[in-house]
Amino acid sequence: METGALKAEADIILRINEGYGLPFESFDVRIEKTKQGTCFTRADYRLLISVDYREAQLEVYDELSLKHAMLHLYSLYIVHKEWGLLLHSSCVVEQGKAYVFGGPSGVGKSTVARLSAPRKLLSDEASLLHLSPEGQIVIYDSPFRSEIPRIESVEPCSLEAIYLLNQSDAVAARTVASGQAFEKLLRNVIYWAHDPAETAKVVRMVANLACRGATFDLFFQRNDSFWKVISS
Amino acid sequence: MMMQMKVADHVQTVNLDNQMTLVNTESGVVARLNEMGGWVWSRLKQNASWDNAAKEAEEQFGVTEEILKQDIDTFLNQLVKIGILKPK
């Protein structure tokens, strides 16, 4: 198909080239705005997205760079469309509902996902949240996995609750007031801020997420006893 | 003092559960306001008169006019420092 015809039909056209840069060094990204669009450069990848978000060019060093760059592009695109957010978290399905477990690196997102077996997983590090204009929040099967491979596709599920993880000797869950939840959830969004109007979309979506009143601090031990607290 | 300040560009106010949070979507600064901070911010945004502010503050927070002035000064200076407000 010709590029012109593709452009008319596709939401976005992505071109990927290999042979760019150096192996992964750090997560630092340099952002430059040009007439063509916005360019995000890291040692191991370069992503150029057009002003209208209809075309993107990706140059990568290896498979890891490709994964990170795709995550980057994905987050920019779904925010631009105000479709939803990528959240640093794992997500487990229990009785048809999605339970999201968020927190900083190393807090136990993957551990919680593993300890939740045999329940199905929607993500182990980057949950894909869709915030519909009608106010529904649905979690989709995340294409971005870390340590736990995706073995089967899982149907999207409505969000039941978000648990912010804290390792502890005790097991308990405490409601987080929505004002505080907003701040905590904002820190968990996977996003590279590059434009105030786009960041404003993130802020609006996180505020919507926080005002649902379903965010909890979860204090957990490294076993599956936290599910008793969640179930109760 | 209040008249010489204005809200910086790209500042969004999020008010959830009586907790007001300000986000500068250009710099990424996030500021969570306490109850009195939220009250001052609302007045600033509404361009409300400060003539009766002392009386209102005394009723709402039990602070004297002198303390109110000090608190507002400190608050506004902090907001200027973090780029939420800027001089007019």
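Let's start inside: the largest nonpolar core has 54 residues, and Leu85(A), Ile139(A), Phe182(A) and Leu185(A) touch the most other members. A nonpolar core here is a set of buried Ala, Val, Leu, Ile, Met, Phe, Trp, Tyr and Cys residues joined through side-chain atoms within 4.5 Å. Buried means under 20% relative accessible area, exposed means over 50%, and partly exposed is in between (1.4 Å probe, protein chains only). This is a predicted model, in which local features need pLDDT of at least 70 and side-chain atom pairs count only at pLDDT 80 or more, while totals for chains, interfaces and linings use all residues; side-chain values use heavy atoms, leaving out hydrogens and water. Residues are numbered from 1 along each chain as its sequence is written, with chains lettered from A and ligands numbered from 1 in the order in which they are written.

- Leaving aside residues up to four places away in sequence, Leu185(A) touches Leu87(A), Ile162(A), Leu164(A), Val206(A), Leu209(A), Ala210(A) and Thr215(A).
- Another core, of 24 residues, lies apart from that one and has Met5(B), Met20(B), Leu44(B) and Leu76(B) among its members.
- As background, nonpolar side chains tend to be buried together in soluble globular proteins.
- The C-alpha centres of the two chain A domains, domain 1 and domain 2, lie 26 Å apart.
- Across the boundary, 17 residues of domain 1 of chain A are in contact with 20 residues of domain 2 of chain A, where contact means heavy atoms within 4.5 Å.

**Aromatic rings**
- Over all chains, the structure holds 11 aromatic pairs. Rings of Phe, Tyr and Trp (its six-membered ring) pair if their centres lie within 6.5 Å; planes under 30 degrees apart count as stacked, over 60 as edge-to-face and the rest as tilted.
- Phe101(A) and Trp227(A) are an edge-to-face pair, because their ring centres are 5.9 Å apart and their planes sit at 75°.
- That pair links distant parts of the chain, 126 residues apart: Phe101(A) is in strand S7 (residues 97-102) and Trp227(A) in helix H6 (residues 226-231) of chain A. Helices (H or I, at least four residues) and strands (E, at least two) are DSSP runs, numbered from the N terminus.
- Both Phe101(A) and Trp227(A) are buried.
- Phe220(A) and Phe226(A) also pair edge-to-face, with centres 6.1 Å apart and planes at 80°; both are buried.
- Ring pairs join Tyr99(A), Phe101(A), Tyr163(A), Phe216(A), Phe220(A), Phe226(A) and Trp227(A) into a cluster.

- For context, most residues other than glycine have a negative phi, and most peptide bonds are trans.
- The peptide bond from Ala117(A) to Pro118(A) is cis, with omega near 10°. Pro118(A) is in the loop between helix H3 (109-115) and strand S8 (121-123) of chain A.
- His10(B) is not a glycine, yet has a positive phi of about 65°. His10(B) sits in the loop between strand S1 (5-7) and strand S2 (11-16) of chain B, and is partly exposed at 38% relative accessibility.

**Confidence**
- Chain B averages a pLDDT of 87, and 97% of its residues score at least 70; pLDDT is the predictor's confidence in each residue, from 0 to 100.
- For the complex, the predictor gives an ipTM of 0.86 and a pTM of 0.92.

Definitions and conventions:
Domains from an automatic or database assignment.
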